[in-house]
Amino acid sequence: MTQDLLAARGAVVVGGSRGIGRAVALLLAGCGAGVVVNGRDPGAVQDTTEAITAAGGRAVGLAGAAHVEATAVALVQACREEYGSVDVLINCAGVAEPPGSSILSVSTEQFHGLLDAHLGTAFQTCRAAAPIMVEQRRGSIVNSGSVAFLGDYGGTGYPAGKGAINGLTLAVAAELAPHGVRANVVCPGAKTRLSTGGDYEEHIRDLNARGLLDEISMRASLDPAPADYVAPLYAYLASDLSAEVSGSVFLASGGFLGRFERPVPAVLGYRDHQRFSPWTVDELHTMVASR
């Protein structure tokens with residue numbers, strides 16, 4: 001079944017030349033999809049493309065930064081020309097926050113660079129693929145978020161960009177649902193070049209020492225599973241098996257799978273504005289402090 005799961009489908013994997021994206025590209029091809037592999041490093045793109053074709057899969061490579069509109073459009077066009085359709089768009093591109101970066105030290109240039117790499121890439125590629133998917137009346141978009149959006153891992157542009165991806169994806173899912181197009185988020189945890197090395201380990205231990213990261217999360221972050229453990233969730237969301245799944249934010253790391261519940265407000269107080277004056281500051285303090 002797995003070999004035919006994505007037969008005759010065309011897929012774009014942004015950030016597909018390394019890490020999680022490479023594992024996803026290899027698995028999609030193994031499930032029968034024709035894959036357009038993207039990454040910023042032409043050598044890494046070629047290496048992944050050749051690995052897929054050597055295994056009997058179908059792949060073409062296109063290097064470039066996908067937050068650039070022309071690159072995003074070229075990726076989608078290449079998929080349509082090579083495979084006849086654009087059925088799957090998966091965004092796995094990402095760059096790490098500069099070591100030690102915080103709101104106290106990050107530069108404007110660094111912040112916008114991080115937003116471009118994450119939110120900008122998701123926006124440009126979704127905008128390029130969505131009209132074709134709507135025309136086809138089918139399509140699955142899977143964007144990569146991060147639990148960093150909760151703020152527990154520090155930084156600025158990285159959690160901001162990843163959190164914004166959640167909002168963008170949920171909006172895309174709602175807007176494109178009538179057209180048969182789905183959109184979901186995966187917040188993955190895996191061993192990649194972004195989650196290894198001395199700077200990364202020092203950062204994780206520092207977060208724990210500052211009380212931002214609990215002991216269990218710290219240990220899991222220091223010993224993540226290979227990307228192969230995360231890739232199957234992307235393949236599932238790309239396939240028709242998940243035809244009823246859209247607008248969800250998943251968390252996957254090693255053998256753990258979770259889904260974030262949609263946030264709902266807890267009522268702290270209510271008064272009819274037609275009959276009563278606005279809350280006073282003291283009244284607001286009483287309501288907020290009592291919860």
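Trainee: In which loop is the place of Ser17?
Mentor: Good starting point, and keep in mind that this is a predicted model. Strand S1 covers residues 10-14 and helix H1 covers 19-30. Ser17 has its place in the loop between S1 and H1.

Trainee: Does Ser17 count as buried or exposed?
Mentor: The cut-off for buried is under 20% relative accessible area. Ser17 has 8% relative accessibility, so the class for this residue is buried.

Trainee: Which residues does Ser17 touch, not counting those up to four places away in sequence?
Mentor: Happy to list them, leaving out the neighbours up to four places away in sequence. The partners of Ser17 are Arg22, Val37, Asn38, Gly39, Ala44, Val45 and Thr48.

Trainee: How many helices and strands does the chain have, please?
Mentor: The chain has 291 residues, and 44% of them are buried. Of the contacts between residues at least 6 apart in sequence, 70% join residues at least 24 apart. The secondary structure comes to 9 helices and 8 strands.

Trainee: Which residues of the largest nonpolar core touch the most other members?
Mentor: That core has 33 residues. Each of these supplies at least two of its residues: S1, H1, S2 (34-39), H2 (42-54), S4 (88-91), H8 (231-238) and S7 (249-253). The members that touch the most others are Ile20, Val24, Leu28, Val35, Ile90 and Tyr234.

Trainee: How many residues are in the second, separate core?
Mentor: Val76, Met133, Val172 and Val181 are among its members. The count for this second core is 23 residues.

Trainee: Are H1 and H8 parallel or oblique to each other?
Mentor: Their axes come within 9 Å and cross at roughly 50 degrees. Angles under 35 degrees count as roughly parallel and those from 65 to 115 as roughly perpendicular. The angle of H1 and H8 therefore makes their relation oblique.

Trainee: By class, how many nonpolar, polar and charged residues has the contact of H1 with H8?
Mentor: On the H1 side you find Ile20, Ala23, Val24, Leu27 and Leu28, and they meet Ala231, Pro232, Tyr234, Ala235 and Ala238 in H8. By class, this contact has 10 nonpolar, no polar and no charged residues.

Trainee: Which residues in H8 are buried?
Mentor: H8 is mostly covered, with 6 of its 8 residues buried. The cover includes H1, S4, S5 (139-144), S6 (181-189), S7 and S8 (256-260). In H8 the buried residues are Ala231, Leu233, Tyr234, Ala235, Leu237 and Ala238.

Trainee: Is H1 roughly parallel or antiparallel to H2?
Mentor: H1 and H2 pack with their axes 10 Å apart, at an angle of about 25 degrees. That angle lies under 35 degrees, the limit for this class. H1 is therefore, relative to H2, roughly parallel.

Trainee: Which residues in H1 and H2 meet?
Mentor: The crossing of these two helices is right-handed. By class, their contact has 5 nonpolar, 1 polar and 2 charged residues. From H1 come Arg22, Ala25, Leu26 and Ala29, and from H2 come Asp47, Thr48, Ala51 and Ile52.

Trainee: At what angle do H4 and H5 pack?
Mentor: H4 spans residues 108-136, H5 spans residues 157-176, and their axes are 8 Å apart. The packing angle is about 15 degrees.

Trainee: By class, how many nonpolar, polar and charged residues has the contact of H4 with H5?
Mentor: H4 passes H5 in a right-handed crossing. H4 brings residues including Phe111, Leu115, Leu119 and Phe123, and H5 brings residues including Tyr158, Lys162, Ile165 and Leu168. By class, the contact has 14 nonpolar, 3 polar and 1 charged residues.

Trainee: What separates the C-alpha atoms of Pro226 and Gly254?
Mentor: Pro226 has its place in the loop between H7 (215-222) and H8, and this proline is partly exposed at 45% relative accessible area. Pro226 and Gly254 are 28 residues apart along the chain. Their C-alpha atoms are separated by 7.3 Å.

Trainee: What is the phi of Ala8?
Mentor: Ala8 is found in the segment before S1, and its relative accessible area of 61% makes this residue exposed. Although Ala8 is not a glycine, its phi is positive, at about 65 degrees.

How values were computed: Residues numbered from 1 in each chain as written. Predicted model: local features only at pLDDT ≥ 70, side-chain atom pairs only at ≥ 80, totals over all residues. Heavy atoms only, no water. Core = buried A, V, L, I, M, F, W, Y, C linked by side-chain atoms within 4.5 Å. Buried < 20%, exposed > 50% of the residue type's maximum accessible area, 1.4 Å probe, protein only. Helix = DSSP H or I, 4+ residues; strand = E, 2+ residues; numbered from the N terminus. Axes fitted to C-alpha atoms, helices over the stretch in contact; angles between N-to-C directions. Parallel < 35°, antiparallel > 145°, perpendicular 65-115°, else oblique. Left-handed = near helix turned anticlockwise from the far one by under 90°. Contact = heavy atoms within 4.5 Å. Nonpolar A, V, L, I, M, F, W, Y, C, P; charged D, E, K, R; others polar.
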